[in-house]
Amino acid sequence: MTTYLPVPGPESAPTPRVVALPVREGPRAAEEGAGGLDDLVRTHLAGLLRYATVLVGDEHTAADLVQEVLLRAHVRWHRIALMERPDLYLRRMVTNEHLSWRRRWHVRTIRPAADEVLAAHAGSAGDHAHGLAEEDAMWRRLADLPPRQRTVLVLRYYEGLADADIASVLGTSAATVRSHASRALVTLRRADPTSPEPS
């Protein structure tokens with residue numbers, strides 16, 4: 001950086017000197033030095049998209065949701081970078097966007113894919129009809145759960161997060177997370193009493 005310092009020169013005019021920028025310290029400096037939001041997105045984008053897809057039930061809607069979240073994260077990055085786990089905060093933003101989707105975007109519907117579409121993605125190794133039928137039935141049962149209960153199940157069983165991390169993502173307590181999970185599992189077991197209890 002070039003700055004003008006009052007150093008005596010000809011006719012006592014300020015002389016330009018090149019000085020080093022001050023070294024920044026702290027978590028934000030570390031994030032900026034590592035590329036900040038860009039590096040965080042490179043590392044976690046695929047996981048955020050997978051998570052959003054499971055929440056909303058449609059990969060294109062999930063991509064829109066994540067894009068909206070990343071645009072807002074870019075504006076607030078100077079604050080997010082100071083957090084201990086910016087990646088968990090991004091996941092929390094995705095969760096909040098999902099939970100408020102109906103109010104701020106449009107009425108969200110989960111549409112099961114046609115059999116032909118599912119067959120095209122299933123590949124040619126064996127008959128996957130039974131698995132697809134079970135998956136479709138599970139999607140329908142998950143879609144009937146209240147949004148927070150569904151989110152807790154997705155974070156716990158699909159994303160593999162502990163209750164404390166789920167509480168951080170949802171901005172609530174671990175006890176509330178356990179309560180949501182318990183109610184959701186009871187509802188799912190009533191819908192299909194033959195399903196085994198998840199571990």
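This is a predicted model: local features need pLDDT of at least 70, side-chain atom pairs count only at pLDDT 80 or more; totals for chains, interfaces and linings use all residues.
1. Which residues of α5 are buried? They are Pro86, Asp87, Leu88, Leu90, Arg91, Met93, Val94, Thr95, Glu97, His98 and Leu99.

2. The length of α5 holds no surprise: from first C-alpha to last, its 14 residues reach 20 Å, close to the 20 Å expected at 1.5 Å a residue.

3. Next, follow α5 (residues 86–99) to its meeting with helix α9 (residues 147–158), where the two axes come within 10 Å and cross at roughly 150°. The crossing of α5 past α9 is right-handed. On the α5 side, the contact is made by Arg91, Thr95, His98 and Leu99, while α9 brings Pro147, Arg148, Thr151 and Leu155. Sorted by class, that makes three nonpolar, three polar and two charged residues.

4. Finally, have a look at Thr187, which you will find in helix α11 (residues 174–191). Is Thr187 buried, partly exposed or exposed? Its relative accessibility is 38%, so Thr187 counts as partly exposed.

5. Which residues does Thr187 touch, leaving aside those up to four places away in sequence? The partners are Leu145 and Gln149. Leu145 sits 42 residues from Thr187 along the chain, yet their C-alpha atoms are separated by 7.8 Å.

Technical notes: Residues are numbered from 1 along each chain as its sequence is written. Side-chain values use heavy atoms; hydrogens and water are left out. Helices (H or I, at least four residues) and strands (E, at least two) are DSSP runs, numbered from the N terminus. Buried means under 20% relative accessible area, exposed over 50%, partly exposed in between (1.4 Å probe, protein chains only). Contact means heavy atoms within 4.5 Å. Axes are lines fitted to C-alpha atoms, for helices over the stretch in contact, and angles run from 0 to 180 degrees between N-to-C directions. A crossing is left-handed if the near helix is turned anticlockwise from the far one by less than a right angle, and right-handed if clockwise. Ala, Val, Leu, Ile, Met, Phe, Trp, Tyr, Cys and Pro count as nonpolar, Asp, Glu, Lys and Arg as charged, and the others, Gly among them, as polar. The expected span of a helix is 1.5 Å times one less than its number of residues.
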